[in-house]
Structure formats: C-alpha cells, structure tokens
Amino acid sequence: MNYIGEHLLPGQLGHFFIVLALVSSLVAMIAFAKSTNSTDPLLERSWRRIGRIAFGIDAFSVLAIFGLLFYIISTHKFEYYYAWNHSSRDMSMEYLLCSIWEGQEGSFLLWSFWYGVIGVFMIARGTKWEAPIMTVLAFAQVCLATMVLGMYIGDTMIGSNPFLLVREKFADAPVFSRADYLSLPQMQDGQGLNQLLQNYWNVIHPPILFLGFASTILPFAFAIAGLWKKDFTGWTRIALPYALFSTGILGLGIMMGGAWAYESLTFAGYWAWDPVENASLVPWLILVAGIHTQVVYNATGHSLRATYLFFLLGFIMILFSTFLTRSGVLGDSSVHSFTDLGMNTQLLLFLLVFTLPGLALFAYRFKGIPHIPKEEETSSREFWMFIGSLVLFLSAAVITWQNSFNPIYNKITGQNTAAPEDIEFSYNKIQIFVAIVIGALTAVAQYLKYKKTAGGWLRKIAVPTAIAAVITVLFFVFSGLEYDKKGIGFQAAIHLAFFTSVYALVTNLAYIWIGINGKLKAAGGSITHVGFALSLVGILISSSNKKVLSYNTTGINLKWDERSKEKPLENLTLIKGVPTDMGSYMATFVNADSVNKNGTISYYRIDMMRKDSSESFSLYPNLIRNTKGMEGFSNNPDSKHYLHKDIFSYITYAADMDNRDDTAQFKKYTVNVKDTVYYSNGFFTLNAVVPNPNNKKYQFQPTDTALMADITVFSKEGSRYAAQPVFYVKENEARFMVDTVFAQNIAIAFSRVLENQKIELQVKESNRMVPFVALKVYEFPHINLLWAGIVIMTIGFGVSAAYRSRQGRLKAVNKI
C-alpha cells in the first residue's frame, strides 16, 4: 500500500547511518586492537590509520543520525513514532531538541555522540596509548549502536530504532489499513514532552551529565591499556588530567540535576536519595577515590592496585546505573527511570561485556602490578589519603547495596518488599559519618608530608584549627542547627559534621598560602576541597534549618489523597484577593494566567508582603497539565532568591485544576430548631429562626417579611463557623439568599417555610465555589553556599586538570 503524505527518506537515511555506525565502529575496534597487538611498526601504523578512518566514519554517522532525528522532530513528521511520542507542535525549538533525549534511543545517541567527540580528541592527541584506548572506545560505540539498531534475530529484538514509523509500531491497529491515516485528527499532533521535562534545565543538564558518563570510559580505558600492554605504570601521569576532567564534569552534571530538582520538583530540596540520583553518585565517589590513590601512586609508588580497581569500577558502575535506570527494575521507585523497552537482556550484556573481561584481566595481571610491601607510615599523607579513598569506596558500596537490593530482589523473586518508611534517613544516618570522616581528612591530610611527617605540621595547622573552632562556636551561639529529629545521637553527628566541614574549608583556604605560597595554578586540589567543604556547610545548614512558612491559619483544611505526603497544616489556603496571614508575611492570591496558547500551563501570582511593609515581592509557581494521556497536573515551584536564603513555593492544589463545570447539587433537608444535619466533613445545627434580621450582614425592616436561619457549623477538626441563610418575600415572590462557609466548601440555603414550625434547608458541598489555591512555602537558609561550593569545586577540578596536564607535557619534553 502506498501511504499518502509519508516522508520516508529521512528514516531510510537514518537506518543507513545506524548500520554504517555499527559497521564502522566494529572495523575501528578490530583495527585498533590489531594496532595494539602489532610488533611491526609499519603494521601498527597501518592498522591505526584504518582505525582512525573507521572511527571518523562512525563519529560522522552518529552526528548524521542525531541531525536526521532532530529534523524529523522539528518539522513535525508525526508518521515517525519517536516524533509522535516525544514532541508536539506547540513546543519551542529548545524543547524539540530536548525531546531527542526524553526517550531511551535518543539518550543512547547523546551518549554515543560524546564518545565520538572524545574519540576524535584522543586521535588528535596521538599518544602511544591511542590504539588500546580507542579499542575500548570503539567497542563502546559498537554496543551503543546495537541499542538503536532495531533489528530482529528470530524473535529477539536487538535495540530500538528511533526511525520506526507509527504504523510499524502499531502494526495491528485497523486505522493503518487506510492509506490516508496521516489525515486523521489523532495524527495531526504528537503526544508532547513529559511535563516535568519542560524546563530550561533539561536543555543543559542531560548533555553535561552524559558527557560525564561518557568521559568515565577514559580512566577505565587507560587502566585496561596498562593491563593489556603490561605497562602498569606508564599511563598514570598521562591519565590523571582525564580522570580529573571526567570526575569534575560528572559531579557538575549530577548537581545540575539537583538544581533542576530544586527548581522543578516539590520534595522541597535538591537531593532525595532517589535511586537514579544514587546510581550516578556512586561512580563519582569511586572516581574521586581513584584520583586520590592515583596521586598517591605518582608521589610514592603506593596504591597502584587500588587505582586500577577504582578506575575500572567507576565506569562499570556507570553501566550498572544504566541497567538499573533503563531496564524497568526500579519500577515506580524513581521519578527518573525509563520505561522497559524489552531490552533487559541487551542492557545486562552491555554491563557484562565490560565488567567480566575488565575484572578478569585485572585479576589475571594483579600480581604483576607494582606494589610496595612495606606499609605506609601512619604519619604520612598517603596513608590518610588512602584511608579517605577507602571511606569513599565503602560509602559507594553501601549506597549501591541500599539502592539496588530491594528492586533487584523484587524483580528476581516477584515479591514486593517495601523500602524503608523514611528512605532519606536510611541513607543519612550512614552518610553523615562519611561526611565527618572525609571533612576531617580533607582538613588535615594536605598538611602532612609524603612518606613521613615531622612534628612541625601541628604548628602550621594550629591557627586554622582555632579559626574553624571560633567560627563554629559563633555560628552555634547566634544561629545554630535547628534539626531536632531522629534522636540525640544523629543530632550530635550533624553538629560534628558541621565543624569538620568548616574545619576543611578554613584549613584548605589557609593551605593555599601556607602550603603552596598562594600559587593558584597549583592549588587545584585545595580549591576543590574548599568547594566540597562549602557544599557540605550549605547542605547541613539549608537542610537542618529548612522551615515551613505556610502554616495554615485560615481553618480551611483541604482533603488530600491518602497517598499524598502533604500535611494539611503546612499548606496555606489562599482565597483570591484576600490577604492572608503567613507568619511574618501577608500572602495574597492575585490571579491565575495561562501563557501558552493551549492553556496547558497556568501561572499563579502570589503577592508577598512583610507585615512591617519593609518588603514586597511576587511569586509565580505554576501548574502544568500532564502530557501523554495522563490526567491531572504537575507542580513547578518558584523561588525568591536572596544572598542568604531562598523563599521556595509551589501550588499543592488549585480550584481551577480542571475545567469541569460545578456539577454538585443542593440536597434538601426538613429541620426544626435544634435539629442537626450531617455533611461530609462535620455537621451543623439550626439554633433559631430569626424574623427580619438587622445586623452587619442583613438590613431588613420591621415591615419586611424575612426569616434568617441561625446555624452553627461544626467541622471534624473542631472548628466552628456561623451560617445565616435567609428566606424572604419581595414583590409577592418568595426568594432566598444562600450563605456559604468557604472554609468547609459548603453552601446552605433557607428555601421554604413548612408546617409545624419546620423549615426546608438546602445544602451543597463543592470545592469550586470560589477561586483559591493551597500554597506550600519553605525557607531555605544559606542554600547559596551549596551552589557556590559546587561551582568552586568544579573550578578546582578544572584548575587541577590543567596543572597536571601541563606537568605531564613538561615531563615528556624533559625526557626528550
């Protein structure tokens, strides 16, 4: 059948370049492997030339695939399933680009793109390690190419092709028996980008994070090359700048995700020990451990075996996190995980083809790796650096166990073992002691000498120690950490962690002048430590002193879904146009406005004014309608940023969260004085029937004919409210006035006078009587210390990588 309106050429080109990428990366892998093993210089150069050409073709093919997919998405060719499932016509250009990495196929392409960039760079450098390193890189490209191949071998699917047509995806659907299926209404637009991904951080964070993921292959490849060539020591200085770059970029990518979560998610923080977050943190911790043992080896000859192990495991844990994230093992335990595409076996093989040969080669060559039998002096820098590396590795191991056991156990056994009730504390109670130890070691270790330290180092560190102690005491006197949960032991650990963090901050700042005489180019390690310590200080203060500002003072308690973690008393209900008490502020819900043409995003203007009128500002949290057929809305917070704090807000409920009409009906009740009527959230009592009321609410005259029902409403929460509906006669026509108790979403009407001194009341319950929102507001004190620390730490990694690279080039020149 010839289908009308399909554009098949981009897809056909995409298929071609996928196959070309697979074949060329396979040729590059074989050629570079041949070059590595060749003993004939002519053959070695010949194979390396073939490998370079093949890898160049692979890199170009991946770029072409990426470009073709973006063309299909940006021109709204919805005959392609990837465009139809991940984009829509109303998306701006940057979100159309982001839709590429919303799906698994696109994220694999992003990963492969960075491998191409890294490979071309390594070829351009042209060191003696090029061939074995490029063999590993090309093999990774082979694996990633299979992930988007989309071919069947028998009944087994190899990869998932991003150029699949919708009619191929749903081949059995009757609608595709029509040649003009693209003219149908459901094919005129796509499903759109997931609402939580429609954020500017989605443009920045995934590319940086995947560069971090991809770059971890470099320390791994150097370690494999050393084992393969039996040149166990020649790579260590050359590899150090790459390891520093990889760790710095990966850390930056992880914390960009934290910043995104802080701005876009509603768990009121930047880290929730989510399984996918943890899976990315683990390789970072292991690589940091590896960098420190590598520095130790370069200086003393110790810890080379540990360096090999850490660099191998760093990349292996990236692959393990890929398996966890993409296999569906995590299920609903993470907001970041991909859906299962039926590629579990392939993902597991991707992990195993690097893990088993890599660790087997390490075990086989283990005895040949240089090792100094004599233990390090306990007064030496290398001893405590190794202890710190070991603590980081154990921290990573514990996180991996906590992160993986339940999902994998449940997947294997088919059971549903529950995670700990307080997931965050299950991690925090262990990692707080890691922070204490690492903070202390970061503070002290640089003041020690390699091999053995004389007693004079205590004098150098005495003044920084005293300054750190004074800063800590002053902070506790004038501010302090207000965390008062989980017992005295955990609280003491938090306070000790704060001191060690301040200690590490002060001593490393001092070391830049005391230890290296202010030479900033050589101060990369100290700058990194300063950033790390400042981040810890920011984490401890902002988390411990975080407080809720939006305590409900209105008495209007909304009903929350039983699965919701929201606490009614921490959500302030704001009625439109009514200034409402919120601690030191008056908060006013001004209006709601949709800024996009489809009305899928609603911004809520909340005006905040201090009670002393010293400051006023507006917050604009929004609700975005869920995409891809899901009902409801997702919350996007907004914050007011100060130098010393953030005011963080998000909408937890809004009266206009859907566009349905108010279908609630009045129910009729016949009552007498002192009778009680029940409603869903309490009951009310008719106290009396008052003729011709004349009060602040009503002004009837003695000559009028009017009756007012004096009613007291009692809520389940124990609150009381007055309701005064009126029945009256005007111009010989019976009329009535409804009185509404907004706090209880209940309207009461006095509709008729009956016999025997009875009256008819009508009652309606509805949450759509008046525009309102429920607002959650937090204050995060000194959170900018965390973000500043991350920036400084990343700069430190960059300074250190540049310095070590320059040192390596100078040593190479001196050898010549």
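Predicted model: local features only at pLDDT ≥ 70, side-chain atom pairs only at ≥ 80, totals over all residues.
Okay, let's start with how we'll talk about helices. Two packed helices get described by the angle between their axes and the distance between those axes.

The crossing of α10 past α11 is left-handed. Who's touching whom? On the α10 side you've got, among them, Leu240, Leu244 and Ile254, and across from them in α11, residues including Trp284, Leu287 and Ile291. Sorted by class, that contact has 14 nonpolar, 7 polar and 1 charged residues.

Now let's zoom in on Leu244, which sits in α10. Is Leu244 buried or exposed? Its relative accessibility is 5%, so Leu244 counts as buried. And what does Leu244 contact, if we skip neighbours within four places in sequence? That would be Ile291, Phe797, Ser800, Ala801 and Arg804. Ile291, you'll remember, is in α11.

On to the other pair: helix α17, residues 487–514, and helix α18, residues 524–544. Their axes come within 8 Å and cross at roughly 155 degrees, so α17 and α18 are roughly antiparallel to each other. This crossing is left-handed. In α17, look for Phe498, Leu505 and Ile512, among others, meeting α18 residues including Val530, Leu534 and Ile541.

Methods
Residues numbered from 1 in each chain as written. Heavy atoms only, no water. Left-handed = near helix turned anticlockwise from the far one by under 90°. Helix = DSSP H or I, 4+ residues; strand = E, 2+ residues; numbered from the N terminus. Contact = heavy atoms within 4.5 Å. Nonpolar A, V, L, I, M, F, W, Y, C, P; charged D, E, K, R; others polar. Buried < 20%, exposed > 50% of the residue type's maximum accessible area, 1.4 Å probe, protein only. Axes fitted to C-alpha atoms, helices over the stretch in contact; angles between N-to-C directions. Parallel < 35°, antiparallel > 145°, perpendicular 65-115°, else oblique.
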